[in-house]
Every structure is written in structure tokens, then in C-alpha cells.
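Subject: Structure handover and findings

Dear colleague,

Please find below the structure that I am handing over to you. My findings follow directly after it, and I would be grateful if you could read them alongside the coordinates.

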Amino acid sequence: MLEKNTQSLLREITSLRTRIQELIAVRDELKFRTCENLEDEYQKKLGSLEYRAFLSRYRTLRIQHEIDLIRKQMTEEGYVFLPAIQSKLDEEFRSSISQCRGRKQRILLAERHEKMNRLMGTNEENLAALYREVCEKIHPDLNPYGNSPEPELFFQAVEAYRDGCEYKLSQIATLLEEVPPLPYPFEYASIQLISDAYHERVMELIQSIADIQNSYPYNVQDVLDDQLSLFHMQQRLYNETESWDRAYEAYEKERMELLTGKSEDQ
């Protein structure tokens, strides 16, 4: 018969495993479903406007700097070699170019998610239930010593859950029906070490949930739900884009006059 202290630890471990399962469900639902949906909604309502504003700002600052380089080359060398100037601009604005591509990619990804969700008709309740079923058997957070029987299968389950692919997640859950239950912790490590590890997992998961709730895109949920705040943000981005576009047109005229030596009035 197990000693009372050992029995108490085993009961505590069982309770901690249940707590970890609950926290996993909350964390992963926030991370893979709630935040993914918020990101898609944000890109749909504000992302495209932000991208246009950023693109207008980028091309305006670029042409402004191009004019400075043209003037400098004219003064120092007496002629203008545009390929060299463009190459220098590409190097100096490399970070902005990368940000433009990243913003565009997020917009395209949000559109892809929206199309996939329409095609698949995902049932969120069924999806969450299937994911919990898989996690209970093979989630790494419940196996602090790396005893998850199917690590690759778990990564596939995460992808299916993230993408809202209920059919694929259902297949994985079926494959795991024959997975034997995890051995008692004392069969592969000291139960005290297991208890300590589970306590640490609980604290890590609680912190992870808090981090998600305090960061983008979860922290923009109030804005997306408030039509007045959303309108003001959209209007600000419209105005910002128009302002940069007007500045660009003026710089474009200045650049042409500089290169040709003629104004549009001539």
C-alpha cells in the first residue's frame, strides 16, 4: 500500500493534469482560433488601409531621398546615373520593402483563411472537442519528460486546429483511439519531480494566456467591436494615405523638373 504522502502527491498530480488540460484548451483556443479570427478580421477591416498608408509613406520618403541623391550627384559629378541611385535606395529602404511584403502577405493570408472557412464550414464546438481529445493523450505539456507517444502527430493536430480543418483533426483523433494511457508518473520519474514540473507548467500556461490577452491581435478586439472607434481609425488611415499621396505627386513633379530641366508649365 502506498504511503499517505505518496497517495497525496498522486492525487495532486491527477488534479494538476486536469488543470493543465483546461489551461491548454484556453491557451490554444486563444492562440489558434480566437487570435487567428481576430487577425483575419483586423486585416479585413484595417489591414488593407494600413498597407496602403504604409506604401504611400514609403514611396513618398523614397522619392524625397531620390531627389536629394540626384541633386548631390549633379553637384559632385555633373551628371545623373539613375541605376546607381536606385540601387542605393533599394539598400537604404530594404527594411521598408520587407515590411511592405510582410503586410501584403498578412492580407493575402487573411483572405485565404476566409475562403477556407467558407469552404469547410468549420464547426467550432466540434473542432475544440476533437482538439481537447487529442491533447489529453499526446500534448507535450502533459508529458514533461518527453513521453508523448506521437510527437509528429501532435504537430499535425496543431496545424489542423489552427487551420480549422475538422476532418483532418477527426482523422488524427481516430488514429489515437488505440494509444495506451500514459503510465503513472512514478513509473518513469520521481513523483515529487513530476509534481514540481506540473506546478511549473501551470504557472507557465497562466503566464502564456496573460501574454496573449495583452498583445496583438487580442488587444484590438475592443476596437473591432466598437463601430465608432473603427470608423475613426479607418478615417485616419484614409486621410494619412491621401496626405502622403499629395506629397508624392509634388515630389514626382519636382523630380521630373530636376531631370529634364523643364517645368510642367513650359
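In this predicted model, helix H5 (residues 151–163) and helix H6 (residues 166–175) pack at an angle of about 150 degrees. Since angles over 145 degrees count as roughly antiparallel, H5 and H6 are therefore roughly antiparallel to each other. Their axes lie 9 Å apart, and the crossing of H5 and H6 is left-handed. On the H5 side, the contact is formed by Leu153, Gln156, Ala157, Glu159, Ala160 and Tyr161; H6 contributes Lys168, Leu169, Ile172 and Leu175. By class, the residues of this contact between H5 and H6 comprise seven nonpolar, one polar and two charged.

Leu169, Ile172 and Ala173 of H6 are buried. Viewed down the axis of H6, these buried residues fall within an arc of 100 degrees, so they line one face of the helix. The face of H6 turned away from that buried side carries Tyr167 and Leu175, which are exposed. Leu175 is also one of the H6 residues in the contact with H5. The elements that cover the buried residues of H6 include helix H4 (124–138) and H5.

H4 and H5 form a packing of their own. These two helices meet at an angle of about 160 degrees, and their axes are 11 Å apart. By the cut-off of 145 degrees, H4 and H5 are therefore roughly antiparallel to each other as well. H4 passes H5 in a left-handed crossing. From H4, the contact draws on Leu127, Ala128, Tyr131, Val134, Cys135 and Ile138, while H5 supplies Leu153, Phe154, Ala157, Val158 and Tyr161. The residues of the contact of H4 with H5 divide into eleven nonpolar, no polar and no charged. Leu153, Ala157 and Tyr161 of H5 take part in the contact with H4 and are also listed in the contact with H6.

Glutamine 43 is located in helix H1 (residues 4–77). Is glutamine 43 buried or exposed? Its relative accessibility is 7%, and because buried means under 20%, glutamine 43 counts as buried. When its neighbours within four places in sequence are set aside, glutamine 43 is in contact with Ser48, Arg106, Ile107, Ala110 and Tyr216.

Glutamine 221 belongs to helix H8 (residues 221–225). With a relative accessible area of 26%, glutamine 221 is partly exposed, because that class lies between the limits of 20% and 50%. The C-alpha atoms of glutamine 221 and threonine 34 are separated by 9.9 Å, although these residues are 187 residues apart along the chain.

Finally, some figures for the protein as a whole. The protein has nine helices and zero strands, and along the sequence the pattern reads α-α-α-α-α-α-α-α-α. Of its 266 residues, 35% count as buried. Among the contacts with a separation of 6 or more, 79% are between residues 24 or more positions apart.

With kind regards

Technical notes:
Residues are numbered from 1 along each chain as its sequence is written. This is a predicted model: local features need pLDDT of at least 70, side-chain atom pairs count only at pLDDT 80 or more; totals for chains, interfaces and linings use all residues. Side-chain values use heavy atoms; hydrogens and water are left out. Axes are lines fitted to C-alpha atoms, for helices over the stretch in contact, and angles run from 0 to 180 degrees between N-to-C directions. Helices (H or I, at least four residues) and strands (E, at least two) are DSSP runs, numbered from the N terminus. Angles under 35 degrees count as roughly parallel, over 145 as roughly antiparallel, 65 to 115 as roughly perpendicular and the rest as oblique. A crossing is left-handed if the near helix is turned anticlockwise from the far one by less than a right angle, and right-handed if clockwise. Contact means heavy atoms within 4.5 Å. Ala, Val, Leu, Ile, Met, Phe, Trp, Tyr, Cys and Pro count as nonpolar, Asp, Glu, Lys and Arg as charged, and the others, Gly among them, as polar. Buried means under 20% relative accessible area, exposed over 50%, partly exposed in between (1.4 Å probe, protein chains only). The arc is that of the directions from the helix axis to the C-beta atoms.
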